[in-house]
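My entries follow in the order I made them.

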Amino acid sequence: MMALFKPLQNQMLFDDCCIHSLIVENKKLFRCVINSFEFDFSEDYFVFSQNFTPFEFSKKGIYISNPLNPDITSKKLVNKLDSYLEGVCNDEYPQKIEDIKSRLFELASKLVSLLDYDIDFNCDIDTSSLIKLLSFTISRGDEAPASLLLRYILLASKYLKISLFVIPHLNSFFTCAELDGIYETLALNNINVLSIDCTAQKNPPAHSTVHIVDSDFCLIDTD
């Protein structure tokens with residue numbers, strides 16, 4: 001995994017470290033970078049590649065605009081969860097699925113017999129329809145913001161096969177201890193994250209590489 005920040009022509013390698021923190025002290029450039037992800041033109045500022053092949057961030061990346069309230073109930077994520085559960089049912093519980101279909105057919109037939117006119121019903125119910133009927137959703141619970149963000153990233157990585165998460169303002173919202181916990185878990189799971197902020201913490205969290213771009217567009221520090 002590699003990221004090229006065009007204003008500096010500076011490559012950030014994700015092979016040796018999964019979590020990179022880009023500190024853009026120039027406020028104008030910082031605004032432009034954030035807007036590029038907000039409005040889907042990040043390719044103006046970044047080139048992302050995997051196995052030396054560039055990829056579109058919109059297809060293999062996720063921008064978490066509000067790390068305090070990640071979209072953990074997104075339709076895309078829930079649909080992938082449904083697909084996973086459908087596969088589990090078909091592979092591990094085929095007989096239970098057939099029993100449910102048989103009971104539904106029996107119930108529908110009895111209901112039709114109560115009517116004094118002809119009526120049709122769908123007797124070919126697939127597993128996908130049964131899963132959707134149950135309306136599975138990912139519970140938000142009462143988790144702390146750091147735990148909720150971490151859970152969202154882990155779920156999106158597993159079910160959506162995301163190559164890179166880009167997250168702004170982490171230094172503003174979370175303590176160094178909270179970020180240490182988040183980054184440690186992400187590093188253990190080999191999940192790539194690019195954090196973007198305009199100010200650096202005095203004691204950067206472990207498991208991350210920090211790149212600081214000063215107000216004159218110079219790279220003044222890389223850990």
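I began with the lining of the largest cavity, to which E3 and E9 each supply at least two residues. Helices (H or I, at least four residues) and strands (E, at least two) are DSSP runs, numbered from the N terminus. I note that this is a predicted model, in which local features need pLDDT of at least 70 and side-chain atom pairs count only at pLDDT 80 or more, while totals for chains, interfaces and linings use all residues. Residues are numbered from 1 along each chain as its sequence is written, and side-chain values use heavy atoms, with hydrogens and water left out.

I listed the lining of the largest cavity: Ser21, Ile23, Asn171, Tyr183, Ala200, Gln201, Pro204, Pro205, Ser208 and Val210. On a 1 Å grid over the protein atoms alone, a cavity is a set of points where a 1.4 Å probe fits but cannot get out; a pocket is an open set with protein on both sides within 12 Å along at least five of seven lines; lining residues have an atom within 4 Å of a point. The space in the largest cavity is about 70 Å³, where a volume is the space filled by probe spheres set on grid points joined across faces, edges and corners. I found one cavity of 30 Å³ or more.

I turned to E9 (residues 208-213), where six of six residues are buried (under 20% relative accessible area; exposed is over 50%, partly exposed in between; 1.4 Å probe, protein chains only). Ser208, Val210 and Ile212 cover one side, Thr209, His211 and Val213 the other, and all are buried. E3 (residues 19-24) pairs with E9 in the parallel sense over six bridges; a pair needs at least two DSSP bridges. Leu22 is opposite His211.

I next checked E2 (residues 10-13): Asn10 and Met12 form its covered face, Gln11 and Leu13 its uncovered one. E1 (residues 2-5) pairs with E2 in the antiparallel sense over four bridges, and Leu4 has Gln11 as its bridge partner. Their hairpin has four residues between the strands, and Gln9 takes a positive phi near 55 degrees.

Of its 16 lining residues, Ser42, Glu43, Glu56, Phe57 and Ser58 are the closest to its centre. H1 (27-38), E4 (46-50), H2 (57-60) and E6 (61-63) each supply at least two residues of the lining.
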